[in-house]
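Biologist: Please show me the model, and then let us examine the terms used to describe it.

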Amino acid sequence: EKGGYPHFMLKEIFEQPNTLFDCIRGRISADGTKVQLSGIEDNASRFINAKRIVLVACGTSWHAGLIGGRLIEELARIPARVEYASEFRYANPVISSDDIVIAISQSGETADTLAAIKLAKERGAFVYGVCNVVGSSIARATDTGTYIHVGPEIGVASTKAFTGQVTVLTMMALAIAQLKGTISPDALRSTAQSICKIPSQIKQTLKLNDKIEQLSRTYTYVHNFLYLGRGYNYPTALEGALKLKEISYIHAEGYPAAEMKHGPIALIDKELPTVFIAPKDELHEKVVSNIQQVKARGGSVIAIVTAGDEIIPSMADHVLEIPSSPECLSPIIASIPLQLLAYHIAVMKGCDVDMPRNLAKSVTVE
Ligand code: M6R
């Protein structure tokens, strides 16, 4: 049932061109002019009039929420806040009937997320679910929602669910923006068409597997890793670090790259590798100077860059090229090499990647 792969995690990483195709199917019109999600269309006036959107989730789903919140704010111009469900539920939050709460959960069974939904409903919010498991407790507890449709995820480390969640949240942001008229038809079409290219771009990105397996040998026994990215790729850095931590037991931290100089730079020496998520975007130049700062302190750099980047390859120790995409979609593609890096390091260390110690696939207790 692992389809010839040694672990479910690797199978699920390699499934992503197909799972994302299923996730997108029927939701973007063939000409790219319409993004159709019934949960949003059926509740159009709620989304048009929403004063605020609060996204609640745990773990990897929370990282997807960070990207989704930013997308919703940027494209649909609705203030968005992203909360850990475990914090939200005990924070006595100000929530009203003008708020929409989006709960994100692969399993649909996470106890803290369920409790956050209950609280949001008690306070009158409309609650929207982004789940994978059909008919799960969260899918049933929410008013409506969108399934990510990526198929069963068995590996404890979430991979294909993360890319599915980010893809659904991107389509949601576009659908709301379309309803509110906060996006031009041209911008909508070009982003929608770029979403449709993601499955084949992931297929391309998966060709990095052998190179990543090779470079993982250099880093199998390090004790710490730093992951840095900016903008939409700050959450990608958090997700890369979480993946490494949970399956290889190597301590890793994710930070917005510009925060490096406010503390983490003190850690950098030749023992601490830094992974930069540095696709070509508006802040590219600034990330380049962060890479220089790491190199100047003897740190080694693994850089994820857009194919054809002419600057970073001369500076970084290892370069992983990904296909070009709009900035807001780059986390989906950039997370693939991070998943593979965590996987190969964990396998080389002899860790049980599908069932890491102390972890369960769904956290149904507090
Ligand atoms: O099923 P959920 O999406 O609600 O699960 C949330 C987290 O427990 C989950 O993402 C966890 O962080 C994963 N093990 C990460 O790979």
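This is a predicted model: local features need pLDDT of at least 70, side-chain atom pairs count only at pLDDT 80 or more; totals for chains, interfaces and linings use all residues.

Modeller: Residues are numbered from 1 along each chain as its sequence is written, and side-chain values use heavy atoms, with hydrogens and water left out.

Biologist: Why is H2 called roughly parallel to H9?

Modeller: Helix H2 (residues 16–24) and helix H9 (residues 160–180) pack at an angle of about 30°, and their axes are 10 Å apart. Angles under 35 degrees count as roughly parallel, over 145 as roughly antiparallel, 65 to 115 as roughly perpendicular and the rest as oblique, so H2 is roughly parallel to H9. The axes are lines fitted to C-alpha atoms, for helices over the stretch in contact, and angles run from 0 to 180 degrees between N-to-C directions.

Biologist: Which residues of H2 make the contact with H9?

Modeller: On the H2 side they are Gln-16, Thr-19, Leu-20, Cys-23 and Ile-24; the H9 side includes Lys-160, Thr-163 and Met-171. Contact means heavy atoms within 4.5 Å.

Biologist: What makes Ser-61 count as buried?

Modeller: Its relative accessibility is 9%. Buried means under 20% relative accessible area, exposed over 50% and partly exposed in between, with a 1.4 Å probe and protein chains only; Ser-61 therefore counts as buried. This residue is in helix H5 (residues 59–76). Leaving aside neighbours within four places in sequence, Ser-61 is in contact with Ile-104, Ser-105, Gln-106 and Gln-165.

Biologist: Why is the pair of Trp-62 and Tyr-84 called stacked?

Modeller: The structure holds 6 aromatic pairs. In the pair of Trp-62 and Tyr-84, the ring centres are 3.8 Å apart and the planes are at 15°. Rings of Phe, Tyr and Trp (its six-membered ring) pair if their centres lie within 6.5 Å, and planes under 30 degrees apart count as stacked, over 60 as edge-to-face and the rest as tilted. The pair is therefore stacked. Because Trp-62 lies in helix H5 and Tyr-84 in strand S2 (residues 80–84), the pair ties together parts that are 22 residues apart in sequence.

Biologist: Are Trp-62 and Tyr-84 buried, partly exposed or exposed?

Modeller: Trp-62, with a relative accessible area of 11%, is buried, whereas Tyr-84, at 38%, is partly exposed.

Biologist: What makes the pair of Phe-225 and Tyr-227 tilted?

Modeller: Their ring centres are 5.9 Å apart and their planes are at 40°, so the pair is tilted. Both Phe-225 and Tyr-227 are buried.

Note on methods: Helices (H or I, at least four residues) and strands (E, at least two) are DSSP runs, numbered from the N terminus.
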